[in-house]
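Reader: Hello! Could you take me on a close look at the place where the ligand sits?

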Amino acid sequence: MTEWIKHNLIDLEQCSKEEIELILETAKSFKEVSARDVKKVPALRGKTVVLLFFEPSTRTRISFELAAKRLSADTINISSGASSLSKGESVLDTAKNIEAMNVDLVVVRHQSSGVPEMLAAGLKAAVINAGDGCHAHPTQALLDLFTIKEKFGKIEGLKIGIIGDILHSRVARSNIWGLTKLGAKVTVCGPATLMPVDIEKMGVDICFDANKVIKESDVLIVLRIQLERQHDKFLPSIREYAKLFGINRAKLEGCKEHLLIMHPGPTNRGVELSADVADGKYSVILDQVTNGVAIRMAVLYLLLGTKEKNEDNKK
Ligand code: CP
């Protein structure tokens, strides 16, 4: 089994297949902890984890906090509005001041791509990317991989369709890195205006026909339409998007019986997914959320539980 030597987790592009598999394997044992009556182990007792969220989040922030607490670490929550960032302090200065209080790890979400990498270069504390701009969301992809592997027992050879706003999606990019490394065959699907130029260089196929992708896939990862990032009117209307790319019961006619429908959340019901599909038999959206805690426990444990060993391997 591979040993974990990375000091930070910035994206899955930088992780090997073996490192990804180590995280998934470690998460398996931590999932059991959350099912116990007493949901706590002492693995990170005495460690301090700071949650630095500059963008709204429900799932990621809460599951990182639960993960850290279930490993017995202390946690501090900081949001941009409630810190001295609102008085003009830079992100790096804020993080360095927090680090000066001897914290061990910073989990950061930011609307700009590259902020976690910048903090990782400037801090001695470990850094985990909890989503940066349109770049990467590694722990979301890891929990998606975990959920797929849990249901199928494997990832290699599966056909995965990623449907929606590929252009702005850090979830799509991280999933493409992770899924292709583990041997899945990935097809991306969405409006041409929301398809990144040269996306096929990431090792994926492109298909603009959602009906075809739905019928051929073992797993559909349905992305949120990011209304906050649509400054340049990429879509004629949300109604047209829903008609062509939204998943509803009629579009699922003839799909594989074992199909999994996943969504990172938050879901715009009636746009990306109809309500009956979001709550229906193919949906594993809440399993993804449950698995998110186990994945984040695994990542925190690997970065901090073996930290002494990592001191000479800062990246
Ligand atoms: N999937 C995800 O990142 O959700 P949040 O924005 O609620 O954290």
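Author: On a 1 Å grid over the protein atoms alone, a pocket is an open set of points with protein on both sides within 12 Å along at least five of seven lines, and a molecule sits in a pocket if more than half of its atoms lie within 2 Å of its grid points. By that test, the ligand sits in the largest pocket. This is a predicted model, where local features need pLDDT of at least 70, side-chain atom pairs count only at pLDDT 80 or more, and totals for chains, interfaces and linings use all residues. Residues are numbered from 1 along each chain as its sequence is written, and side-chain values use heavy atoms, with hydrogens and water left out.

Around the ligand (a heavy atom within 4 Å) stand Ser57, Thr58, Arg59, Thr60, Arg109, His137, Gln140, Pro264 and Gly265. This shell takes at least three residues from each of domain 1 (12–137 + 290–313) and domain 2 (138–287), with bounds from an automatic or database domain assignment.

Now for the polar contacts, pairs of N or O atoms within 3.5 Å. Thr60 places a polar side-chain atom 2.6 Å from an oxygen atom of the ligand, and His137 has one 2.8 Å from a ligand oxygen atom. At Gly265, a backbone N or O atom lies 3.4 Å from a nitrogen atom of the ligand. Of the 260 Å² of accessible area that the ligand has on its own, the protein covers 92% (Shrake-Rupley method, 1.4 Å probe).

Key:
A polar contact is a pair of N or O atoms within 3.5 Å; within protein, one must be able to donate a hydrogen and the other to accept it, and residues adjacent in sequence count only if both atoms are side-chain atoms. On a 1 Å grid over the protein atoms alone, a cavity is a set of points where a 1.4 Å probe fits but cannot get out, and a pocket is an open set with protein on both sides within 12 Å along at least five of seven lines; lining residues have an atom within 4 Å of a point.
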